[in-house]
Amino acid sequence: MFCGCGGSDLGLIGGFSYLGKYYDRLPFDIVFAVDFDKYAVETYNQNFKHKAVCADVTTIDFENTPDVDMVIGGFPCQSFSTVNPTKDTNDDRANLYKQIVRYLETKRPKYFICENVKGLLTLQKGAIIRRIVTDFQRVGYNVDFKLLKAVEYGIPQRRERVFIIGIRKDCVFSFNFPAQVCSEAEAVPLRAVIETLAIPEQKYYFSQRAVQGVKNAKKNMKRGLWQDLEAPCLTITSHLAKTSMNSRDPILLVKPEEELYRRFTPREAARIQSFPDDFILNKSEPKSYKQIGNAIPPVLMWYVAKEMSKIIGESEVEQVKYYYSPIQLELQFVCEGGITYKSKRKIEQQ
């Protein structure tokens, strides 16, 4: 569910290159994906052979969806974000995880993967994450969760996200979260994805009036957050299109002596999120920024999905199906000699 522009799906499938490393094709194929944002679906459909549909997950009759073995949902995070001081943790968006619970209760897949912001762990002194875990356990799943740092998986961004893993209680195996591939001290620097600071497009630069506004701001305010190219970037958010010098979003200092600053281009933001350069972005820059900021970094999901494929391969599998839930629905996966099977009958050579 909640496929967005496809960051999670790309990570689940694999078979892409990023910063000189090839991320192997994983034994998953997506056969259905859904999101309620028609512009995100538009971007998604430019990048994947299978086409996502635009729908509200609350209106989907899960009884009429295929039986699958895994469901994934990066349910909306705005209600749990530490950046949003006015959030309501009981609003409709905060309760969209219950659509995943509804699916689990209806279709009984063997596994699920959910992702959300780190605020999920601390809000109301941990009451929110306990409530979510309890709801998943109530419908028959063993649940584990962990805060993963993108910077520890070869991504030049200090993004931290909670991954929640569920395994149906009659399945006796357990999941191991992926081991970090580097320490924060060894992290990939922002310079790896910024080809040049000084770019010709003037629309990305801040005016001198904006610079002066920052200089006049209170010293204790987090403003003018220009990034050190030799270190990872701060978290890329969904409102980069509205980034100002007086926001908490990361920006670039182009020429210190001239006090010249600019925002990231959509492609630079996508690179910071670990999208490969051949991923097609939305033609609208504001929509592109939003979709990139909302996405799960493909490389981070790849490491999680790889660990999931290991336990599936070790415990069963001749056939596994994957159902992508936010408004992101289904994936069929199989792994037997590089051949995809359905009903134990060979139907196509990969």
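Leaving aside its neighbours within four places in sequence, Ile-113 is in contact (heavy atoms within 4.5 Å) with Met-70, Val-71, Ile-72, Gly-73, Phe-163, Ile-164, Ile-165, Met-301, Val-304 and Met-308. This is a predicted model, in which local features need a pLDDT of at least 70 and side-chain atom pairs count only at pLDDT 80 or more, while totals for chains, interfaces and linings use all residues. Residues are numbered from 1 along each chain as its sequence is written, and side-chain values use heavy atoms, with hydrogens and water left out.

Ile-113 is also among the residues with the most contacts inside the largest nonpolar core, together with Phe-163, Phe-175, Leu-190, Phe-264, Val-304 and Met-308. A nonpolar core is here a set of buried Ala, Val, Leu, Ile, Met, Phe, Trp, Tyr and Cys residues joined through side-chain atoms within 4.5 Å, where buried means under 20% relative accessible area, exposed over 50%, and partly exposed in between, with a 1.4 Å probe and protein chains only. The largest core has 65 residues, and its largest share, 10 residues, comes from helix 9, which spans residues 298-315; helices are DSSP runs of H or I with at least four residues, numbered from the N terminus. A second, separate core of 29 residues includes Val-57, Val-101, Tyr-103 and Ile-132. In soluble globular proteins, nonpolar side chains tend to be buried together.

The aromatic residues can be followed next. Rings of Phe, Tyr and Trp (its six-membered ring) pair if their centres lie within 6.5 Å, and planes under 30 degrees apart count as stacked, over 60 as edge-to-face and the rest as tilted; by this rule the count comes to 14 aromatic pairs. Phe-16 and Tyr-23 form a stacked pair, 5.3 Å centre to centre with 20° between the planes; Phe-16 counts as buried because its relative accessibility is 5%, and Tyr-23 is buried with a relative accessible area of 3%. The rings of Tyr-44 and Phe-48 have their centres 4.4 Å apart and their planes at 25°, and the pair is therefore stacked; both Tyr-44 and Phe-48 are buried. Ring pairs also link Phe-16 and Tyr-23 with Tyr-153, Trp-302 and Tyr-303 into a cluster.

Lys-21 lies over the face of Tyr-23, at 5.1 Å from the ring centre, and the charged end of Lys-287 sits over the ring of Tyr-39, 4.3 Å from its centre.

A search of the whole structure finds zero disulfides (pairs of cysteine sulfur atoms within 2.5 Å). Cys-3 is in no disulfide, the nearest cysteine sulfur being that of Cys-5, 8.7 Å away, and Cys-3 counts as buried because its relative accessibility is 4%. The sulfur of Cys-54 is 9.1 Å from the closest cysteine sulfur, in Cys-3, which is too far for a bond; at 44% relative accessibility, Cys-54 counts as partly exposed.

Confidence remains to be considered. The chain averages a pLDDT (the predictor's confidence in each residue, from 0 to 100) of 85, and 83% of the residues score at least 70. Over residues 325-350 the pLDDT is below 50, although this stretch has 106 contacts in the model beyond near neighbours in sequence. Where pLDDT is low, the predicted coordinates should not be read in detail.

Key: Helices (H or I, at least four residues) and strands (E, at least two) are DSSP runs, numbered from the N terminus. A charge sits over a ring if NZ of Lys or CZ of Arg is within 6 Å of the ring centre and within 35 degrees of the ring normal.
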